[in-house]
Amino acid sequence: TLNPVLAQLANLRLGDALFFQGRFAESAEVFREFLEQFPNSPDAPHAAYMRGLSFLRRMPDDIWLLPPAESRETSDVESAYETLTGLIAGYPDSFYAMRARLLLGQTLERKCRHHMYIADYYGREKKPLGIVQRIEQAIALESMERERGYLPQDYRCAETPRVLLRLGRAYYDA
């Protein structure tokens, strides 16, 4: 169309329609294209939020019949993290940035659970240095995100007493 406002809204609504049809990969791509074509649009925070939400919906769920979700592919977790942090950094005062902080907490918890899952694997394989490495990565990630302000100061996934005791035992065994 010759009207740029209508073109923006058409792209945005296409992404929304794909999202609500459950076609999350396609909607994430449409929102990416929208953000590239119209970065200064007042609807850019909405597009970034919906893109991050699309990646979150693509993440595997915990289902009793399947292996744990943290044991599976984490590319959608990383994509959601990048999109949501970009939204918060780029549009900190928008309504969507506030909502993105909640979703970012879920994303960071999944990343932490993935590190703990790998640490469990190293524990079964009797490799204490692997346990140390993974737990330290999870603790560093958690503290870095608290410093950035993406996580509340009282949030703990990796710095729990049980995990820290496990880290001490792995150091002792190494």
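Begin by selecting α6 together with helix α7, residues 161-173, whose axes come within 8 Å of each other and cross at roughly 145°. The model you are looking at is a predicted one, and the crossing of these two helices, α6 and α7, is left-handed. To see what lies between them, show the side chains of Pro 128, Ile 131, Val 132, Ile 135, Glu 136 and Ile 139 in α6, which meet Val 163, Leu 164, Arg 166, Leu 167, Ala 170, Tyr 171 and Asp 173 in α7. Sorted by class, this contact of α6 with α7 consists of 10 nonpolar and 3 charged residues, with no polar ones.

Keep Ile 135 selected and look at its surroundings. Leaving aside residues up to four places away in sequence, Ile 135 touches Met 116, Ala 119, Val 163, Arg 166 and Leu 167.

Stay on α6 for one more residue, Gln 133, which is found in this helix. Is Gln 133 buried, partly exposed or exposed? Its relative accessibility is 42%, so Gln 133 counts as partly exposed.

Now move to Lys 126, which sits in the loop between α5 (95-124) and α6 (128-148). Most residues other than glycine have a negative phi. Lys 126, although it is not a glycine, has a positive phi of about 60°. With a relative accessible area of 70%, Lys 126 is exposed, because a value over 50% counts as such.

Next, select helix α3 (residues 44-58) and helix α4 (residues 75-90), which pack with their axes 8 Å apart at an angle of about 160°. That angle makes α3 roughly antiparallel to α4, and their crossing is left-handed. On the α3 side, show Pro 45, Ala 48, Tyr 49, Arg 51, Gly 52, Phe 55, Leu 56 and Arg 58, and on the α4 side show Asp 76, Ser 79, Ala 80, Thr 83, Leu 84 and Leu 87, which they meet. The residues of this contact between α3 and α4 divide into 8 nonpolar, 3 polar and 3 charged.

From these pairs, turn to the largest nonpolar core, which has 42 residues. Which of its members touch the most others? They are Tyr 49, Leu 53, Leu 56, Leu 104, Leu 108, Met 116 and Ile 135. At least two residues of this core come from each of α1 (4-20), α2 (24-37), α3, α4, α5, α6 and α7. In soluble globular proteins, nonpolar side chains tend to be buried together.

The C-alpha atoms of Ala 17 and Phe 38, which are 21 residues apart along the chain, are separated by 19 Å.

Finally, zoom out to the whole chain, whose secondary structure comes to 7 helices and 0 strands. Along the principal axes, its C-alpha atoms fill a box of roughly 70 × 35 × 20 Å. Of the 174 residues in the chain, 43% are buried, and among contacts between residues at least 6 apart in sequence, 56% join residues at least 24 apart.

Key. Residues are numbered from 1 along each chain as its sequence is written. This is a predicted model: local features need pLDDT of at least 70, side-chain atom pairs count only at pLDDT 80 or more; totals for chains, interfaces and linings use all residues. Side-chain values use heavy atoms; hydrogens and water are left out. Helices (H or I, at least four residues) and strands (E, at least two) are DSSP runs, numbered from the N terminus. Buried means under 20% relative accessible area, exposed over 50%, partly exposed in between (1.4 Å probe, protein chains only). Axes are lines fitted to C-alpha atoms, for helices over the stretch in contact, and angles run from 0 to 180 degrees between N-to-C directions. A crossing is left-handed if the near helix is turned anticlockwise from the far one by less than a right angle, and right-handed if clockwise. Contact means heavy atoms within 4.5 Å. Ala, Val, Leu, Ile, Met, Phe, Trp, Tyr, Cys and Pro count as nonpolar, Asp, Glu, Lys and Arg as charged, and the others, Gly among them, as polar. Angles under 35 degrees count as roughly parallel, over 145 as roughly antiparallel, 65 to 115 as roughly perpendicular and the rest as oblique. A nonpolar core is a set of buried Ala, Val, Leu, Ile, Met, Phe, Trp, Tyr and Cys residues joined through side-chain atoms within 4.5 Å.
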